[in-house]
Amino acid sequence: MKIWTLQKKRVGDWMAALRAAGKEVLAPCEADGLLRFRPIDDPSAIAVRPGPCPFPFKEWLFPPHQVLFSYQFEGGKVNLREEEVLVNDQVGLFLRPCDAAAIKILDTVFLSDPPDGFYQLRRSHLTIVTLGCRQAVPSCFCPAVGLSPTSLEGSDLFLWEEDDRFLVYGVSEKGDRLVQVSPDLFEPGEGPEPDQLPSPLPFMERKEPLTNVGQKLQGLFESDLWQEVGRTCLGCGICAYLCPTCHCFDIVDESDAYSGIRCRNWDCCAFPLFTLHASGHNPRPDQPSRYRQRVLHKFAYFLQTFQQNMCVGCGRCSLFCPVGMDIYQIVLQLTGRCLV
Ligand code: SF4
Ligand code: SF4
Ligand code: SF4
């Protein structure tokens, strides 16, 4: 793996060079009073805090609302118009390792045969620059799902902060090409393997393995435990909307008498309407059965289909759930390792 160093004070020059090369740089910053990834020109606007940015990067690959096509009724005919999606080359800057790993999971879903063209287009234009974590926050549990604060999964370049500079690890050719945009800013460097970097891993408390719990969880499908763990869920959907790997959507038409659009909007298994049948029957009639779907999809069904968990341990769902549902503790409780 190639290693370079980049002086922190030159990050702005690098961003300017990337923009001059036609790339849009998306980094965590304050937008509408929230921390989220937005296109930025000014490096002083970058707001990197310990732990992942509250809003994950996924909205740039899988927008909350996306128009698929529009239509118009004209003289007894229906004219369809494909929506033109214009996508610049994008650089996702300062994602955390859990977020880069989450994009790999979204790739598994959206790029499996047949690929989702809307996602594929955006993804093909994206290069991911990850910042390793020198500090974790208490809600993080990436080690429990087989990742770490220095995991390279899904990254194209991996940065490690050292005093006034970054160590820059070239993980993919796409990443190397970002360095080549302004090679004079990068000095050849040396450093340990990423898993030998002084990360907070040894001090993280939430690392009881949540991998390979799928069979055990599925064996509990009829258990009363789901009532116990799921009854406080409000069905607000925050957990799925902030989750970097959740990918459910609904397709709806919005129209008047003359024209309309067909669009897809984020959806969530915590919502009662998610599984409501036209007959009025709902196979998941209450929040416990909906929360069971969340846990089983993440730790059992996805594992069965794609041989990996659908959780990267970012901890957002636990941190922002208004009633404190903590998926890490809940899976431990369900698998008999800890009672909350
Ligand atoms: S954020 Fe909490 S209350 Fe809201 S749907 Fe998720 S688990 Fe339920
Ligand atoms: S389930 Fe929770 S901890 Fe896991 S990836 Fe989603 S938001 Fe992060
Ligand atoms: S956990 Fe629920 S919202 Fe998330 S991907 Fe699975 S079914 Fe969809």
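This passage walks through the predicted model, from the overall fold to single residues and the surroundings of the ligands.

Because the model is predicted, local features are described only where pLDDT is at least 70 and side-chain atom pairs count only at pLDDT 80 or more, while totals for chains, interfaces and linings use all residues. Residues are numbered from 1 along each chain as its sequence is written, and chains are lettered from A and ligands numbered from 1 in the order in which they are written.

The overall fold comes first. The protein chain contains 10 helices and 12 strands; helices (H or I, at least four residues) and strands (E, at least two) are DSSP runs, numbered from the N terminus. The radius of gyration of the chain, taken over C-alpha atoms, is 22 Å, close to the 20 Å that the globule rule gives for 340 residues, so the chain is as compact as a globular protein of that length. For reference, the globule rule is 2.2 Å times the number of residues to the power 0.38. Along the principal axes, the C-alpha atoms fill a box of roughly 65 × 65 × 40 Å. Of the 340 residues, 36% count as buried. A residue is called buried if 20 or more other C-beta atoms lie within 10 Å of its own, exposed if 12 or fewer, and partly exposed in between, with C-beta atoms placed from the backbone. Among the contacts in the chain with a separation of 6 or more, 71% come from residues 24 or more positions apart; a contact here means that the C-beta atoms of two residues, placed from the backbone, lie within 7 Å.

The chain is assigned two stretches of structure as domains: domain 1 (3–55 + 85–203) and domain 2 (214–256 + 267–334). These bounds come from an automatic or database domain assignment. The domain centres, taken over C-alpha atoms, are separated by 28 Å. Across the boundary, 18 residues of domain 1 are in contact with 17 residues of domain 2. The side of domain 1 that touches domain 2 has 15 nonpolar, two polar and one charged residues. In this classification, Ala, Val, Leu, Ile, Met, Phe, Trp, Tyr, Cys and Pro count as nonpolar, Asp, Glu, Lys and Arg as charged, and the others, Gly among them, as polar.

Several strands can be followed through their partners; two strands pair if DSSP finds at least two bridges between them. Strand β2 (residues 23–31) runs parallel to strand β6 (residues 89–95), joined by four bridges, and E24 has Q90 in β6 as its bridge partner. Strand β2 is also joined to strand β3 (residues 34–39), this time antiparallel and through six bridges, with C29 partnered by R36. Two residues lie between the strands in the hairpin of β2 and β3, where D32 takes a positive phi near 55°. Elsewhere, strand β11 (residues 249–255) and strand β12 (residues 259–266) run antiparallel and share seven bridges.

Helix α10 (residues 327–334) is mostly covered, with six of its eight residues buried. These are I327, Y328, I330, V331, L332 and L334. Their cover includes α5 (214–219), α6 (225–230), α8 and α9 (316–320). Just after α10, G336 takes a positive phi of about 75°. By contrast, L111 lies in the loop between α2 (97–110) and α3 (117–124) and is partly exposed, with 14 other C-beta atoms within 10 Å. Leaving aside residues up to four places away in sequence, L111 touches Q120 and R123.

Finally, the ligands. A residue is counted as near a molecule if its C-beta atom, placed from the backbone, lies within 6 Å of it. Around ligand 1, the residues include C233, C236, C239 and C321, and the shell has 10 nonpolar, two polar and no charged residues. Ligand 2 is surrounded by 13 residues, the closest being C243, C311, C314, R316 and C317; the shell divides into eight nonpolar, three polar and two charged residues. Among the residues around ligand 3 are C246, C248, C268, C269 and H297. The largest share of that shell, four residues, comes from helix α8 (residues 287–306), and by class the shell around ligand 3 has five nonpolar, three polar and two charged residues.
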